Amino acid sequence: MMVWDMDGKPFQNLTVSLIMTVSYSLAAAWFYYAPSRGEPDVDVGFWRFLLYFLLLSFLFWIVAIPEKKPFPAYDLLMFTVLTVPAGVVASLLFLFGISEVGMQNTHGLEYALMALVPFSIAHKSVKGSVSTTPFVLAIIYWAVAYLWGNAIW
């Protein structure tokens, strides 16, 4: 049973998803680049930050991979990308709460939570229920994001 139906407007969904993904990447790169420009002994570049955040932003597009039909995949993608800010807020609340307890190293669990919230909201909105798929996708997102952030850079 499909709860959300865009009446066959896949290109609009893809366009919105693409614009929002690139916008998130640009905003995050500038957010990290602007305050670090004047720091001594810190070699940072806007393009490096942009590359980093482009991968993390486009990684949300994995939500469309398990779908067999294109229309639910486009809807899932658009809802996932549009609800990323909710995942960021949940991730920040998690980090603030965990630091109050005294835990300093989360091993990137904030990445999993940041992905789980939009994946779950999108699945609930488009399909009407939440299965194990958002949890598996969040674990994949966490693994790739953690490796990308810690091992590669």
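**Helices and their packing**

Guide: Helix α1 (residues 10-36) packs against α3 at an angle of about 30°, and their axes are 9 Å apart. Axes here are lines fitted to C-alpha atoms, for helices over the stretch in contact, with angles from 0 to 180 degrees between N-to-C directions. This is a predicted model, in which local features need pLDDT of at least 70, side-chain atom pairs count only at pLDDT 80 or more, and totals for chains, interfaces and linings use all residues. Residues are numbered from 1 along each chain as its sequence is written, and side-chain values use heavy atoms, with hydrogens and water left out.

Visitor: Left-handed or right-handed, the way α1 passes α3?
Guide: Left-handed. That term applies if the near helix is turned anticlockwise from the far one by less than a right angle, and right-handed applies if clockwise.

Visitor: Which residues make the contact?
Guide: From α1, they include Pro 10, Asn 13, Met 20 and Tyr 24. On the α3 side, Phe 71, Tyr 74, Met 78 and Leu 82 are among them. Contact means heavy atoms within 4.5 Å.

Visitor: And how is a helix picked out?
Guide: Helices (H or I, at least four residues) and strands (E, at least two) are DSSP runs, numbered from the N terminus.

Visitor: Stay with α3. How many residues does α3 have?
Guide: α3 has 13 residues and reaches 18 Å from its first C-alpha to its last, close to the 18 Å expected at 1.5 Å a residue. The expected span is 1.5 Å times one less than the number of residues.

Visitor: Which α3 residues are buried?
Guide: Pro 72, Ala 73, Asp 75, Leu 76, Leu 77, Met 78, Phe 79, Thr 80 and Val 81. Buried means under 20% relative accessible area, exposed over 50%, and partly exposed in between (1.4 Å probe, protein chains only). The cover over these α3 residues includes α1, α4 (84-101) and α5 (109-127).

Visitor: Pick one. Why does Thr 80 count as buried?
Guide: Because its relative accessibility is 0%. Leaving aside neighbours within four places in sequence, Thr 80 is in contact with Phe 60, Val 63, Pro 118, Phe 119 and Ala 122.

Visitor: On to α2. At what angle do α1 and α2 pack?
Guide: About 140°, with axes 8 Å apart. That makes α1 oblique to α2, and α1 passes α2 in a right-handed crossing. Among the residues that meet are Leu 18, Trp 30 and Tyr 33 in α1, and Phe 46, Phe 53 and Phe 58 in α2.

Visitor: Which residues of α2 are buried?
Guide: Phe 46, Phe 49, Leu 50, Tyr 52, Phe 53, Leu 56 and Ser 57. They cover an arc of only 165° around the axis, so they are on the same side of α2. The arc is that of the directions from the helix axis to the C-beta atoms.

Visitor: You mentioned Leu 18. What does Leu 18 touch?
Guide: Not counting residues up to four places away in sequence, Leu 18 touches Phe 58 and Trp 61. Leu 18 and Phe 58 are 40 residues apart in sequence, and their C-alpha atoms are 8.7 Å apart in space. Leu 18 counts as partly exposed, at 41% relative accessibility.

Visitor: How do α4 and α5 pack?
Guide: At an angle of about 145°, with their axes 8 Å apart. Their crossing is right-handed. Val 88, Ser 91 and Phe 94 are among the α4 residues involved, and they meet α5 residues including Leu 113, Val 117 and Ile 121.

Visitor: Where is Pro 85?
Guide: In helix α4. Pro 85 is partly exposed, with a relative accessible area of 38%. Its C-alpha is separated by 9.2 Å from that of Tyr 24, 61 residues apart along the chain.

Visitor: What about Gly 108, buried or exposed?
Guide: Gly 108 is buried, with a relative accessible area of 5%. Its place is in the loop between α4 and α5. Leaving aside neighbours within four places in sequence, Gly 108 is in contact with Trp 142 and Tyr 146.

Visitor: And what comes just after α5?
Guide: Gly 128, which takes a positive phi of about 90°.

Note on methods: Angles under 35 degrees count as roughly parallel, over 145 as roughly antiparallel, 65 to 115 as roughly perpendicular and the rest as oblique.
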